[in-house]
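Here are my comments on the model, as numbered points. Please read them with the structure open.

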Amino acid sequence: PDHWYPKDLRKRARVDEYLDWHHTHLRSGVHLYLMKKILYPIFGKEVSEDELKDLRKILDVSLKYMESKLSKHAYLCGDQISIADLSAFCEIM
């Protein structure tokens, strides 16, 4: 179906815009926070509480951005589900 990656160029641009933001903000925020919060201690690496707090702030900003998008529409890029929503789901689950 067309809604996953719309043929309409404006709708597609919204999906592409989200995916770009996703990879440069949400993904790095989730990745760094979980890596340093969970994996580093498993391998005996220490992480300061201040660093974890800073990483958590980055993650919180990303989640607030997503909440603001979802407050305007049923899905991240409009009123139909798209690959943007699948990408976000995979990252936050």
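1. Is Tyr65 buried, partly exposed or exposed? With a relative accessible area of 31%, Tyr65 is partly exposed (buried means under 20% relative accessible area, exposed over 50%, partly exposed in between, with a 1.4 Å probe and protein chains only). Tyr65 sits in helix α2.

2. Basis of the values. This is a predicted model, in which local features need pLDDT of at least 70 and side-chain atom pairs count only at pLDDT 80 or more, while totals for chains, interfaces and linings use all residues. Residues are numbered from 1 along each chain as its sequence is written, and side-chain values use heavy atoms, with hydrogens and water left out.

3. Secondary structure and overall form. The protein chain has three helices and zero strands, and its elements follow the order α-α-α from the N terminus. The radius of gyration is 16 Å, well over the 12 Å that the globule rule gives for 93 residues, so the protein chain is more spread out than a compact globule. Helices (H or I, at least four residues) and strands (E, at least two) are DSSP runs, numbered from the N terminus. The radius is taken over C-alpha atoms, and the globule rule is 2.2 Å times the number of residues to the power 0.38. Along its principal axes, the C-alpha trace spans about 50 × 20 × 20 Å.

4. Surface and contacts of the chain. The accessible surface comes to about 6,700 Å², and carbon and sulfur atoms account for 58% of this (Shrake-Rupley method with a 1.4 Å probe; for residues, only the protein chains shown count as cover). Of the 93 residues, 29% are buried.

5. Packing of α1 and α2. Two packed helices are described by the angle between their axes and the distance between the axes. For helix α1 (residues 9–42) and helix α2 (residues 49–70), the axes come within 9 Å and cross at roughly 145°. Axes are lines fitted to C-alpha atoms, for helices over the stretch in contact, and angles run from 0 to 180 degrees between N-to-C directions. This crossing of α1 and α2 is left-handed, which means that the near helix is turned anticlockwise from the far one by less than a right angle.

6. Composition of that contact. On the α1 side, the residues include Tyr18, Trp21, His25 and Leu26; on the α2 side, they include Leu55, Arg56, Tyr65 and Met66. The residues of this contact divide into 13 nonpolar, three polar and five charged. Here Ala, Val, Leu, Ile, Met, Phe, Trp, Tyr, Cys and Pro count as nonpolar, Asp, Glu, Lys and Arg as charged, and the others, Gly among them, as polar.

7. Ser82. The loop between α2 and α3 (83–92) holds Ser82. Ser82 is buried, at a relative accessible area of 2%. Neighbours within four places in sequence aside, Ser82 is in contact with His3, Trp4, Val15 and Cys77.

8. Other positions to check. Arg14, in helix α1, is partly exposed at 40%; Arg14 and Ala84 are 70 residues apart in sequence and 9.1 Å apart, C-alpha to C-alpha. Cys90, in helix α3, is exposed at 62%, and its C-alpha atom is separated by 25 Å from that of Asp8, 82 residues away along the chain. Asp2 belongs to the segment before α1 and counts as partly exposed at 40% relative accessibility.

Terms used: Contact = heavy atoms within 4.5 Å.
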